[in-house]
Amino acid sequence: MAPCFGILFLAFALGGLLQDAGGAAQPGVGQTSARNCSATPPYLPPTAVNTSLRLQALRKEMEPLNIRAYIIPATDAHLSEYIAERDAGHTWISGFSGSAGTAVVTQGKAVLWTDSRYWTQAERQMDCNWELVRASYIDSIADWLIQELAQGEQVGFDPFLFSIDTWKAYSRKLDPANRVLKSLPYNLIDKVWKDRPAAPSEPITKLPDSVTERTWQMKVEEIRQQMRKNPYKPTAVLLSALDETAWLFNLRGKDIPYNPFFYSYTLLALDRIWLFLHPGRVTKEIEEYLDAGCQSANCTQILSYEDVRANIVNYVNVTIGVRVWIGTEYTNYALYELITPEEKILTSAYSPVLITKSVKDATEQRALRKAHVRDAVALIQLLVWLEESVPAGKETELSAARYVEEKRSMQANCVGPSFATISASGPNAALAHYSPSNETNRNLRVDEMYLIDSGGQYLDGTTDITRTVHWGTPTDFQKEAFTRVLMGNIDLSRLVFPAGTRGINIEMLARRALWEVGLNYGHGTGHGIGNYFSVHEWPVGFQSNNVPFEKGMFTSIEPGYYQDNEFGIRIEDVAVAVEAETKFGWSYLTFETVSLVPYDRKLIDASLLSREQVDWLDRYYRQIREELVPELEQQGLRKERDWLMRHTEPFTPAGAGLALPSLTLVGAALSALSLGHLL
């Protein structure tokens, strides 16, 4: 799945691109599916939401607080990537349902900032009360606030929805301009959102013993050992991100779309454990599992989710010599501002739990690999079905997405998708984050490229894979673009590099073959992935704020290329960092690909591949056969097995040229130019 963070997507030309299956703009003759607020009367599509009464109610709440502007981010109190409907205050107030954006309301204006992925969507969903700013940077929002507000006027925000870094970024701009950033005691949207969905009440569950190697007590002791060894002597670790608590206790929930998490905080001290959640969701079995109620260091005190602030204040003020360790990336400002004075807080970008969690133990690695075997079966079933049915002209982006989700649901341990399936044909695939809807759904055609990016949640792992195919005759340019994307995938996958290398220092290999002919892609190259966890699991990946690679880290590798209004290409595999055997050195790593679906041979121009790339491809195809053929036969899928055998025939080195230099030379250049001084 193309990352939703880091380098922003290129500003694709979106206007007029999203069409229905027949190619006609929606709705009606002479009208577009986007709003037109300059028309008389203004035109609003049926997807737009009337926000007049909502804005009126919010502004009424702002008045007695002397708030001249109110900031509404698209996140929750845990700074989650995916948020529950009850936390989507930005959607309720604006009508815009995109996953990234910031709304700001003053007494006279309502404005939404979002990036290029969502411009068309925003124009379809917002009414004419709202202005759209085609940007997403905090500096842009702060500059607008400085222009709109007079000196000394206040900008309100819910501190639970601001990360520490977000608060600092706004303060850096607003403070010198004498615009006052004010942390409010409650969320103003929640105050006026009368039919806000209730808090979840489903019981929390624990992972099966078969997929866990470390008990929660072992994990607690592992983190405490890191606390004891830390020279700054922290007395407690505060966990705010939902995956931190879920990982620590081997527990899962259903509070967040696509991610198996539950609303929670944890305060882990050297002598106590406090777990904050909704107590009604804790069964007797879970209470016993957590050793709840006793007073020893290895017993979990279960407290109300709403009481986290009061208990943190009590711990900070009562405990002698307290120092609370937090990860600034995922701790909200509401908790951070409670820990004063400064000597009572210890910060790092990521908490010790997030760092520890990023390296999978042997049991987690085996489980995640097995999940990818079953997941490959579902995707191959889709590709076989599409190959047979697309020529009839009846299948669509939506029917393909439904088909792969149905096939995944039939695989063992599957509990649902890991994100909204990206099923994109022709020009829709040029939008890297496109997902089909009734308004944008297109028929699949043999003369167009098709991109499918999908994944599943399994009790033993999370999956994410992208394949791009063509059922007719691709153009020479499409074949070259696809082949160069594949070359980037191979070059990064087969690289040997020192343990502790940062992903940002090697991700250029995924782009090199594209750069050589003046092509590129505007998103990140990969992200971490979890065991029945986040499909985007931080802090692993290839961006500047990702941690160095260690053995046992799983990441996606996903270069691409997108031709505006025509087609999109992405090849995404999940890989694990493993020890590399080298002639002289030690402590070197390489990647081993875990995804097990062959690439479309019709799109590969073998004459562009180096001998090393062909050899890698042949080894990968042998691996696919070895791991997948027995699974297909066991499931009685003979047609899919035969398809797999045809699509994993070896490439003959005789047909491969040496258009690109040996990767050994590239590795030497990297060592000289970057690794020597950037690690």
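These are my notebook entries on a predicted model, taken one feature at a time.

**Cores**

I started with the nonpolar packing. The largest nonpolar core has 79 residues. Inside that core, Leu382, Leu386, Phe591, Tyr599 and Leu628 have the most contacts. Which helix gives the largest share of this core? I found helix H13 (residues 362-389), with ten residues.

I then picked Leu628 and listed its contacts, skipping neighbours within four places in sequence. Leu628 touches Val373, Ala376, Val377, Ile380, Leu596 and Leu644. I also noted a second, separate core, this one of 61 residues. Phe262, Ile312, Ile339 and Leu368 are among its members.

Next I went to H4 (residues 138-148) and asked which of its residues are buried. I got Ile141, Ala142, Trp144 and Leu145. They span an arc of only 160° around the axis, so they lie on the same side of H4. What do these buried residues pack against? I wrote down strands E1 (67-73), E2 (102-106), E3 (110-113) and E5 (154-157), plus helix H5 (164-174).

**Lys173 on H5**

H5 took me to Lys173, which is found in that helix. Is Lys173 buried or partly exposed? Lys173 has 27% relative accessibility, so I put it down as partly exposed. Beyond its neighbours within four places in sequence, Lys173 contacts Asp139, Ala142, Asp143 and Ile146. Ala142 is one of the buried residues of H4. I checked Arg228 as well: 55 residues separate it from Lys173 in sequence, and 38 Å in space, C-alpha to C-alpha.

**Strand E5 and its partners**

E1 and E5 run parallel, joined by four bridges. In that pairing Ile67 stands opposite Gln154 in E5. E5 also pairs with strand E6 (residues 180-183), again parallel and over four bridges. Here Gln154 stands opposite Val180 in E6.

Which way do the side chains of E5 point? Gln154 and Gly156 point one way, Val155 and Phe157 the other way. All four are buried. For my own reference: side chains in a regular strand alternate between the two faces of the sheet.

**A three-strand sheet**

I moved on to an open sheet of three strands. The order is E15-E18-E19 and the pairing is antiparallel. Strand E15 (414-417) and strand E19 (461-462) are at the edges with a single partner strand each, so one side of each has no neighbour in the sheet. E18 (residues 456-458) meets E19 over two antiparallel bridges. Which residue of E19 is the bridge partner of Gln457? I found Thr462.

**Aromatics**

I counted ring pairs next and got 30 aromatic pairs. I looked up Trp385 and Tyr403, which are stacked, with 4.1 Å centre to centre and 5° between the planes. The pair links distant parts of the chain, 18 residues apart: Trp385 is in H13 and Tyr403 in helix H14 (residues 397-409). Both Trp385 and Tyr403 are buried.

Then I took Phe542 and Phe549. Their ring centres are 5.3 Å apart and their planes meet at 50°, so this pair is tilted. Both Phe542 and Phe549 are buried.

I also noted one aromatic cluster, formed by Phe157, Phe162, Trp167, Tyr170, Tyr333 and Tyr336.

**Charges over rings**

Which ring does the charged end of Lys219 sit over? That of Trp247, 4.2 Å from the ring centre. The charged end of Arg511 sits over the ring of Tyr521, at 3.9 Å from its centre.

**Glu244**

My last stop was Glu244, in helix H8 (residues 242-249). Buried or exposed? Its relative accessibility is 3%, so Glu244 counts as buried. Setting aside neighbours within four places in sequence, I listed Leu239, Ser351, Val353 and Leu354 as its contacts. I also checked the distance to Tyr562, which is 318 residues from Glu244 along the chain: the C-alpha atoms are separated by 35 Å.

Notes:
Residues numbered from 1 in each chain as written. Predicted model: local features only at pLDDT ≥ 70, side-chain atom pairs only at ≥ 80, totals over all residues. Heavy atoms only, no water. Core = buried A, V, L, I, M, F, W, Y, C linked by side-chain atoms within 4.5 Å. Buried < 20%, exposed > 50% of the residue type's maximum accessible area, 1.4 Å probe, protein only. Contact = heavy atoms within 4.5 Å. Arc of directions from axis to C-beta. Phe/Tyr/Trp six-rings, centres within 6.5 Å; stacked < 30°, edge-to-face > 60°. Lys NZ or Arg CZ within 6 Å of the ring centre and 35° of its normal. Pairing = 2+ DSSP bridges.
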